[in-house]
Amino acid sequence: MTGRDRSSPVDVTILGAGPAGLAAAYYAGHRGATARIVESLEQIGGQVAATYPEKEIFDVAGHPRIRGQELVELCAEQGLQFGADVRLGEEVEALRQVTLDGETLLEVTTKPGGRYLSRTLIVTAGQGAFEPRRLPIEGLDQWEGQGLHYVVREKEAFAGARCVIVGGGDSALDWTLGLQDTARPPIALVHRRDNFRALESSVNEARALEGEGRVRIMTPCEVREIHGDGSMEAVTIENTKTGESEQVPCEALITLLGFHSHLGAIADWGIELEGKRQLRIDPMTCETNQSRVFAAGDVAGYPGKITLITIGMGEAAIAANNAVAQIRGEKVQPKYSTD
């Protein structure tokens, strides 16, 4: 989407078009501020849309359960209603201060050659650039597109397939349950430890399905080899406790081991970090150590931070309201959306 002249300064520039970024756009627009969103991906929705659009999400306030893509669509409907300018497929590179007509502004440049001026900046870049953690199997890359998957984007891609899911966190358990109406049972769930990191309720449900023959839980186990001629047909799974190996039929190997993430160019902007992958903010204002530069969502860090979509939306509201207050030299006010 394009709208405003890219050379025109806006009140708030938001880096990232995920739920937190869209929430920031809503609150900025609600306060009558002009906003621009710059997103490195070619679509709105950030990591939610890119990696798990069909996954059901249960921890967003006001939604007992909602698919990732549905959440993104609702966030976009809300966040873009005030006419925020949206620039997709542009990866940020540099940030510097410039003076224009006596006004000090922030200038963000992007890899395609974009140059955007803004009075404040809110970074909602999620976990930054990310790539999946990979299994230590020789020749693994040759199976991409031939049965190896790092995310589940469309459930129908697994219709009737014999699936092996690798992982011990919420994503692995969520898709073991979420593909029950799609994949051919039983779905094999492979984890290198006996104990799972996922929600207890999800683990209990998977164990109940195991009793029905719809799930096969294999722990402590690891995938050692992939077999097939042109496309995946089976995997060798080793029990690391007994040393015994078994070849399991498999047409779709779904590895949900998390992602390596990094901040990319943002890490070179002189913003103080919280750990290695988060920007340190004051949770009272969501401002970083750099004046007029805020952060919200997974990319924002402080002691005790909990990375949930709901938390990111709240931080986005705090950041946007504080950004508007700084621009106008006024006291921070929530300006409720209800009478």
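Predicted model: local features only at pLDDT ≥ 70, side-chain atom pairs only at ≥ 80, totals over all residues.
Next I looked up the aromatic pairs. I describe each by two values, since a pair of aromatic rings is characterised by the distance of the centres and the angle of the planes. The count comes to two aromatic pairs. In one of them, the rings of Y26 and Y27 have centres 4.9 Å apart and planes at 75°, so I noted the pair as edge-to-face. The angle is over 60 degrees, which is why that label applies.

How exposed or buried are these two tyrosines? Y26 counts as buried, at 9% relative accessibility, while Y27 is partly exposed with a relative accessible area of 27%.

Then I turned to Y26 and F82. Their ring centres are 5.9 Å apart and their planes stand at 40°, so this pair is tilted. I liked this one, as the pair links distant parts of the chain. Y26 sits in helix α1 (residues 19-30), and F82 belongs to the loop between α3 (68-79) and β5 (85-88). The two residues are 56 residues apart. Taken together, Y26, Y27 and F82 form one aromatic cluster.

**A lysine over a ring**

I also checked for charges above rings. K55 lies over the face of Y52, and the distance to the ring centre is 5.0 Å.

**C221**

Where does C221 sit? I found C221 in strand β14, which covers residues 221-228. C221 counts as buried because its relative accessibility is 5%, under the 20% cut-off.

I then listed what C221 touches, leaving out residues up to four places away in sequence. The contacts are V190, H191 and R192, together with I237, E238, N239 and T240.

**A nonpolar surface patch**

My last stop was the surface. Which residues form a nonpolar patch there? I306, L308 and I311 do, with about 230 Å² of accessible area together. I306 is found in the loop between β22 (300-301) and α6 (309-328). At 51% relative accessibility, I306 counts as exposed, because the cut-off is over 50%.

Technical notes
Residues numbered from 1 in each chain as written. Heavy atoms only, no water. Patch = residues over 30% accessible without salt bridge, like charges linked within 9 Å, V, L, I, M, F, W, Y side chains within 5 Å. Areas by Shrake-Rupley, 256 points an atom, 1.4 Å probe, with all protein chains shown as cover. Salt bridge = Lys/Arg side-chain N within 4 Å of Asp/Glu carboxyl O. Helix = DSSP H or I, 4+ residues; strand = E, 2+ residues; numbered from the N terminus. Buried < 20%, exposed > 50% of the residue type's maximum accessible area, 1.4 Å probe, protein only. Contact = heavy atoms within 4.5 Å. Phe/Tyr/Trp six-rings, centres within 6.5 Å; stacked < 30°, edge-to-face > 60°. Lys NZ or Arg CZ within 6 Å of the ring centre and 35° of its normal.
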